[in-house]
Amino acid sequence: MAPSVEKTIYVGPFVHSKSLAELEICTKGAIGVDKKGVIAFVERDDVEGVSKKDGWENAKVVEVTDNGFFFPGFIDTHIHASQYPNAGIFGKSTLLDWLNTYTFPLESSLSDLPRATTVYTRAVARTLSHGTTTAAYYATVHVPATNLLADICLAKGQRALIGRVCMNSTLSPPYYRDASVLDAITASRECIAHCRRIDPSGELVTPIITPRFAPSCTEECLHALGKLQQETGAYAQTHISENKPEVALVKELFPGNKSYADVYDQAGLLNAKMILAHAVHLTAEEKELVAARQAKISHCPASNTALTSGCAPVRDLLDRGITVGLGTDVSGGFSPSILEMARQAVWVSRHVAMHDGDHAKLSVEEVLYLATRGGAKVVGLEEKVGAFEVGMEWDAQMVALESVPEGGERHEDGFVEGVDVFGWEAWEDRVAKWLFGGDDRSTVAVWVRGRLVHSTGRYRG
């Protein structure tokens with residue numbers, strides 16, 4: 001299902017991660033994207049003759065505007081689309097109370113499809129406006145609403161992993177749970193089939209098996225979902241060790257297992273296609289097990305702070321060779337912006353460093369890697385997206401920074417929007433200013449597989 005796009009040359013500065021610790025900042029570049037949305041060439045410095053390349057003479061040219069640069073699209077490795085209306089609403093609650101007070105009532109209401117349409121359309125549009133080109137979504141237990149989310153993502157052109165939430169335990173409210181293990185598996189199969197029917201090649205929309213978390217599922221259900229994953233080859237996603245009372249609850253519910261991670265491992269779910277959200281309170285033995293099974297972790301710093309769950313030891317996870325990406329965890333997290341999560345990840349790492357030493361600190365380069373290439377590895381797309389390399393697909397955003405004029409004011413009313421650049425900053429400083437001060441006003445255009453999926457009035461393409 002290749003997108004219908006024009007051959008296009010994107011001209012101007014570009015920034016992307018070469019490795020966890022290294023950003024490439026090319027101040028004068030040109031990237032050619034073919035009709036399939038695939039990067040055909042990347043030129044640095046000598047860009048004057050790119051439009052005369054053989055076969056590119058009639059290509060469309062898109063130039064960076066407003067003192068900005070091209071950057072890879074963000075990847076949200078953990079977001080509850082069904083919870084978007086509650087973003088920023090969490091009061092003083094902690095995880096288990098928050099679920100019962102805010103989350104389950106909202107999610108259950110999305111059995112109403114007109115309401116679900118409004119919620120999902122807005123959630124997907126918001127993530128795109130913040131530069132998120134790929135998202136691993138949790139929906140609800142409802143098959144029609146989950147399939148609707150898949151349809152919306154496909155129509156809007158966003159890459160998405162769509163998960164129908166499984167929860168059959170009596171700890172889940174009676175008004176919002178699967179009636180049986182058979183019902184959970186049958187409904188999951190229906191959603192998997194729908195995703196594969198509307199996007200047979202899986203280029204944009206793919207299914208993801210989604211046990212909510214161990215306390216919401218019986219042991220029988222988790223094992224059945226493990227068998228379903230093995231049968232279908234789909235990715236899986238769930239939560240792990242988000243807060244201490246949850247960890248204690250898992251120990252009580254699964255006394256025959258050695259640990260929270262072991263619950264998933266014994267069910268056949270701890271593997272290279274499993275995305276574990278949070279991982280705040282894993283033991284050393286659990287970290288070793290996660291690393292050995294090559295499971296991936298979604299770090300959700302804003303949510304962990306909002307619900308007072310704790311500070312995930314990301315440096316330790318990385319040092320152990322565990323793949324980590326960033327998740328907004330809306331609505332435990334208050335924002336659908338991965339850029340916001342990147343700066344929150346810096347702050348969380350500094351809180352960890354106050355106890356564990358400076359080695360725990362994450363740098364600008366590292367959190368931007370987690371937001372792009374790290375996230376791509378988490379969702380299994382590292383060969384396709386996350387950077388600007390020949391053969392990768394053009395999932396990108398155009399970032400605009402505000403050039404401060406002489407006198408300091410740009411508009412008659414004195415209002416100046418966006419991240420201010422005075423002109424004397426080094427490029428590394430401009431990127432840092434964007435990380436710590438940017439928002440959706442800085443994102444003027446977004447592409448997925450070469451297709452323009454979001455733009456603002458500042459985009460002149």
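**Strands, a helix and a salt-bridge network**

R449 is buried, with a relative accessible area of 7%. Here buried means under 20% relative accessible area, exposed means over 50%, and partly exposed lies in between, for a 1.4 Å probe and protein chains only. The model is predicted: local features need pLDDT of at least 70, side-chain atom pairs count only at pLDDT 80 or more, and totals for chains, interfaces and linings use all residues. Residues are numbered from 1 along each chain as its sequence is written, and side-chain values use heavy atoms, with hydrogens and water left out.

R449 forms a salt bridge with E203 (a side-chain nitrogen of Lys or Arg within 4 Å of a carboxyl oxygen of Asp or Glu). The closest N and O atoms of this pair are 3.7 Å apart. R449 sits in the loop between β20 (443-448) and β21 (451-455), and E203 in the loop between α4 and β12. The two residues are 246 apart in the chain. Helices (H or I, at least four residues) and strands (E, at least two) are DSSP runs, numbered from the N terminus. E203 also counts as buried, at 19% relative accessibility.

E393 forms a salt bridge with R449 as well, with the closest N and O atoms 3.0 Å apart. E393 lies in the loop between α12 (364-378) and β17 (396-399) and R449 in the loop between β20 and β21, so this pair ties together parts that are 56 residues apart in sequence. E393 is buried, at 8% relative accessibility. A network of salt bridges links R159, E203, K384, E393, D395 and R449. The count of salt bridges comes to 21.

R189 and E231 form another salt bridge, their closest N and O atoms being 2.7 Å apart. This pair joins helix α4, which holds R189, to helix α5, which holds E231, across 42 residues. R189 is partly exposed, with a relative accessible area of 37%.

Helix α4 (residues 181-198) has 18 residues. The helix reaches 26 Å from its first C-alpha to its last, close to the 26 Å expected at 1.5 Å a residue. The expected span is 1.5 Å times one less than the number of residues. The buried residues of α4 are V181, A184, I185, A187, S188, C191, I192, H194 and C195. They pack against α3 (143-156), β10 (159-163), β11 (165-166), β12 (205-211) and α5 (219-232), where contact means heavy atoms within 4.5 Å. An α-helix has 3.6 residues a turn, so residues three or four places apart point the same way.

Strand β14 (residues 274-278) is mostly covered, with five of its five residues buried. Strands pair if DSSP finds at least two bridges between them. Strand β13 (residues 235-240) pairs with β14 in the parallel sense over five bridges. Within this pairing, H278 in β14 is the bridge partner of I240. Strand β15 (residues 296-299) also pairs with β14 in the parallel sense, over three bridges. L276 stands opposite I297 in β15. Together, β14, helix α8 (residues 284-293) and β15 make a right-handed β-α-β unit.

A separate description covers the four-stranded sheet. This open sheet has the order β5-β4-β1-β6, with mixed pairing. Its edge strands are β5 (39-44) and β6 (60-63), each pairing on one side only. Four bridges join strand β1 (residues 8-11) to β6, and the two run parallel. I9 stands opposite V61 in β6.

Key. A crossover is right-handed if, with the strands pointing away from the viewer, the path from the first strand over the helix to the second runs clockwise.
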